[in-house]
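Morning, everyone. I have one model to walk through today, and I will keep to side chains and where they sit.

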Amino acid sequence: MLTGRLSALMFMQFFVWGAWNVTLGLVMQTVGIGNLIGNAFSVGPIASIVGSFLLGMAAARYVSPRMLMVILHLVGGVILFVLPSFVTPAAGGTFVWLLLGYMILYMPTVGLANTIALKSFGDRTDNFPFVRAFGTLGWITAGLIVGWAGLSASPQIFRVAAVVSVALGLYSFTLPNVASDAPRDESVIRQVFCVEAFGLLKQRSFLIFMTCATLISIPLAMYYAYASPYVGATGIANVGGTLAIGQMSELVFMFSMPWLYRRFGVKPLLLVGMIAWALRYALFAIGDGGSSLWAVYLGVALHGVCYDFFFVAGAIYTGTVATPKGVNAQAQGMLTLFTYGVGMLLGSQIGAMLYAQLPAVPTIADWQQMWWYPAIAAAVIALLFQFTFRDDTRREVAA
C-alpha cells in the first residue's frame, strides 16, 4: 500500500516536469524566440537555488513536506495554465519571468518527494529506486502524450502539465505525514541558511561528491536545453516520443539499482553515470539525419545510465550521509541546489554562448561541433571523480 502511494507521487511529480521540459527548446525555436532558450533553461537552476533555500531547506524545518507539496503544486498549476499565452515573440521576456516564478515553486518539490519516500521507507532505502522508477514512467507517459497529440512544438504543453500539477497538489493531502527536520537550539540565521546541512560538506567524500555532482550538471544542462531542437534538425518528426526513449531506458536500469547499489556501492555507479554522459554527447557529435541516425537514437537511449547511475544513486548516498544527522530534507534540498541549481545555471549560460555561435538555422554539422564541448567536459569530470572520491559509508558498513 505504501509503495503504491509513493509510486503515484513519483509518477505525477515527474509527469508535470516531463510534459513541457523535454520539447521547450523546440517550442521556443518554432515560435521565434529561440534566442531566449538559454534564459528559459537558466530559470530552473536559479529557482533551484532560491527555492531550495526558502522552500526546500529552511521551510522544511517548520512545515511538513506533505503540506509543502500541496501548496507548491496547487499554486504552480495555476501558473502553468496561463503560461502558453506568453509564449510569443512580443511577450517572450514576460514568459521567462513567469517561468522563473513557477520553477521557484516546482524545484523544491523534487527534493521533497525524495524526502517523503526515503523517510517513509526508513531503513528500507533499497525500495526507493523501485518507487522512483514510476517517476521515470510519468516522464515517459508525458512525452508520449505530447508527441501523440502533436504538441511537441506547441505552447499547450504547459496546460497538459497544469492538469497533473493540480491533481498532484490535491493527492498530496493523502501522502504519509513524515516529520519535518527537527529545529535545533540555534540562531534563526543558522536555521535559515541550514548550517547543519552544509556542515555535511566537512566530510571529504561528501564534499567531493557534491563538487563533482555540480560539475557534471554543467554539461547535463545542454542536453535538456538543446536535445529537442537537435533531434528535430536530424529530420525526426516525433521529437517528444523519440526523447521518451531515454526515459524508457531509465526503467530498465532503475529496477536493478537496489541490487547494484548493494553489490558495488555508490562510486562505481556514479562513475559509470559520468562516463555515459561523455559517451552520449560523443554520439550526438557524430549523429546526423543520414547513415549515422543510429547514433542519435543510441545517445538518447543512454539516458537511463546517465540519470539512474548518477542522480538516483546520488540521492540514496545523500540520504545515507544525512540521516544520522537528522537533516535528510535539507541535504536533499542541498543536492538539488548544487545540481539543478548552480551546475545547470552555469551549463545553461555556457550552452547559450555556444548556441549563439551557431547560424540562425543550425545545420547538422553545426550541432555536431557543439556537442563535442560537453562530451570532453564530462570525460574530464569523470577522471577527476575516479581519482579523488572514496565511499566512506561503504567502508563503515564493512567495518
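**Side chains in a predicted model**

Start with Arg 132, which lies over the face of Phe 14, at 3.9 Å from the ring centre. Keep in mind throughout that this is a predicted model. There is a second case of an arginine over a ring: the charged end of Arg 263 sits over Phe 264, and here the distance to the ring centre is 5.0 Å.

That second case takes us to helix α12, which covers residues 257-264. Which residues of this helix are buried? Met 257, Pro 258, Leu 260 and Tyr 261 are. After α12 comes Gly 265, and its phi is positive, near 85°.

Next, the aromatic rings. How many aromatic pairs does a search of the whole structure find? The count is 32. I will show one of them, Trp 367 with Trp 371. Their ring centres are 6.4 Å apart and their planes meet at 20°, so this pair is stacked. The cut-off for stacked is planes under 30 degrees apart, with centres within 6.5 Å. Both tryptophans belong to helix α17, four residues apart, which is about one turn of the helix. Are they buried or exposed? Trp 367 and Trp 371 are both buried.

Which helices each supply at least two residues of the patch? They are α14, residues 293-301, and α17, residues 364-388. The largest share is from α17, which gives three residues.

Take Leu 298 from that list. Leu 298 is in helix α14, and its relative accessibility is 40%, so it counts as partly exposed. For a residue on the other helix, look at Ala 379, which is in α17. Ala 379 has a relative accessibility of 33%, so it is partly exposed too. Along the chain, Ala 379 and Leu 298 are 81 residues apart, and 18 Å separates their C-alpha atoms.

Compare that with a pair that involves helix α16, residues 328-356, where Ser 348 lies. The relative accessible area of Ser 348 is 3%, so this serine is buried. What separates the C-alpha atoms of Ser 348 and Ile 218? The distance is 7.4 Å, although the two residues are 130 apart along the chain.

Last item, the cysteines. How many disulfides are there? The count is zero. Cys 212 is in no disulfide, and the nearest cysteine sulfur to it belongs to Cys 306, 16 Å away. Cys 306 is likewise in no disulfide, with the sulfur of Cys 212 as its nearest at 16 Å. As for accessibility, Cys 212 is at 1%, so it counts as buried. Cys 306 is at 0%, so it is buried as well.

To recap: Arg 132 and Arg 263 lie over the rings of Phe 14 and Phe 264. The disulfide count is zero.

Note on methods:
Residues numbered from 1 in each chain as written. Predicted model: local features only at pLDDT ≥ 70, side-chain atom pairs only at ≥ 80, totals over all residues. Heavy atoms only, no water. Disulfide = S-S within 2.5 Å. Buried < 20%, exposed > 50% of the residue type's maximum accessible area, 1.4 Å probe, protein only. Phe/Tyr/Trp six-rings, centres within 6.5 Å; stacked < 30°, edge-to-face > 60°. Lys NZ or Arg CZ within 6 Å of the ring centre and 35° of its normal.
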